[in-house]
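Subject: Structure handover

Hello,

Here is the structure you asked about.

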Amino acid sequence: MSDRSEPSSPPLAWLDIPKATLAALAAGGLLCCAGRAYPQESRKKIRLGVVGGGFGAGFWWHEHPNCVVTAVTDLYPARRKRLQERYRCDAVYDSLEIMLKEAKDIDAVAVFSGAPDHPKHAKMCFERGLHVVSAVPACMTLEEAAMLKQLKEKTGLRYMMAESSYYRQECIFARNLFQAGGFGELFYSETEYYHDGGDPDKTTSNIGSLVYNPDGTRSWRWGFPPMLYPTHCTGFLTGVTRERIVKVSCLGWQSQQPKLKNHPLRTENVYKNPFWNQAALMLTDQGHMSRCNVLWRCVAGGERAQWFGDKATFYMANGPVNPNILGTPGEKASPAPVPQYWKSDMLPEPMRHDSGHGGSAAFISAEFINALLEDREPAIDLYESLAMTVPGIVAHESSFKDGEQLPVPQFDPHKA
Ligand SMILES: NC(=O)c1ccc[n+]([C@@H]2O[C@H](COP(=O)([O-])OP(=O)(O)OC[C@H]3O[C@@H](n4cnc5c(N)ncnc54)[C@H](O)[C@@H]3O)[C@@H](O)[C@H]2O)c1
């Protein structure tokens, strides 16, 4: 387990209360962190550049009292306009490369380009002396992970990965419950990210249109390997316990159906990825088990988890049918109404609204800006980001070896 402490800890006073009342406490919102919305005493304004007007136009930097978006860029004019309007920023650039050359008034960059570009774009920003918040995943190869670690440590700049699972309301609840000892030993978790690509023959007319860029060319999502996008799952494990995944075994599904087997999404992708879906079993440095699924072709959707401890089990809601459930020994499992943390003093006041992806977007925006104001590492710093990203890289490799269990390299700082 990482010995680096969590930036903010919940109150522990109620730890000794009988387990029988745990669910009631949870329901009453008592598992909420006492918040420090932002350092109001700070006179600093963080000047942010934003790259990528797709998902990157869905954040709330501009609502933070100590942040101003001073530059935006995308390769497509319509997306540049979207960014300009969203963040009320008239300094618009045709590319990140031009923005980094010309924009003088930026302290940090939000990198929301396509996944394969994240390490390259983070490197460009680091080399210009700018802090980085990057969309997931942090990288796609072990070499890129090493490069990011080396550059971060050389420059001392801050890095955060914008992992939405970490700040889903249920994950905040699970993290608080874990830190307060409510799970006991959390020996097993099941995490999943299901994003159905729709009918592969109708990729232009349904959800599968994501595999095309606005100009009709194939996007980075064309045939993207599921396990190279693991962080929505692993974020539910390391984002709760801060354990490290040390071994992984993974299987991939290619399908024998002629339509799927011969589909260009499978046979013509730049990643040489033959898998539609992947399922992994992971072992942590605490000897705990985690089952992690990433499926692109399935009748399901969403990011969720269930956590099993010897004092409590927490099943995250599964669609509209099954609510969040908390079970404790000798108790009938009961609904666990997870607090709407985004209404609390964990966020600056203008940001206290539902913000997308399980309420996570405002938290990601606030945490990165607060970390820079307070001159500290963000909660999902580079080491946490790599601990969530790298197990998927190794899992993908394992899928080509019929699920051989492989060791996961670690990228944490060396202990003295
Ligand atoms: N829940 C989540 O955390 C979540 C959800 C959706 C997307 N994402 C991630 O966010 C990222 C963006 O997703 P998306 O759906 O918007 O992808 P996208 O491919 O639609 O958009 C990426 C944008 O980056 C722009 N871009 C690329 N290179 C650039 C450059 N050099 N200069 C300026 N602009 C450049 C492109 O023009 C494009 O508009 C992806 O990495 C994805 O994995 C995360």
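A polar contact here is a pair of N or O atoms within 3.5 Å. The model is predicted, so to speak of local features pLDDT of at least 70 is needed, side-chain atom pairs count only at pLDDT 80 or more, and totals for chains, interfaces and linings use all residues. Residues are numbered from 1 along each chain as its sequence is written, and side-chain values use heavy atoms, with hydrogens and water left out.

Ligand site

His-357 has a polar side-chain atom 3.4 Å from a nitrogen atom of the ligand. On its own the ligand exposes 850 Å², of which the protein buries 90% (accessible areas by the Shrake-Rupley method with a 1.4 Å probe).

There are 27 residues around the ligand (a heavy atom within 4 Å of it). Phe-55, Asp-74, Arg-79, His-118 and Tyr-229 come nearest. By class, the shell has 12 nonpolar, 11 polar and 4 charged residues (Ala, Val, Leu, Ile, Met, Phe, Trp, Tyr, Cys and Pro count as nonpolar, Asp, Glu, Lys and Arg as charged, the others, Gly among them, as polar). Domain 1 (46–164) and domain 2 (165–344 + 382–407) each give at least three residues to this shell (bounds from an automatic or database domain assignment).

Regards

Key:
Polar contact = N/O pair within 3.5 Å; in protein donor to acceptor, adjacent residues only side chain to side chain.
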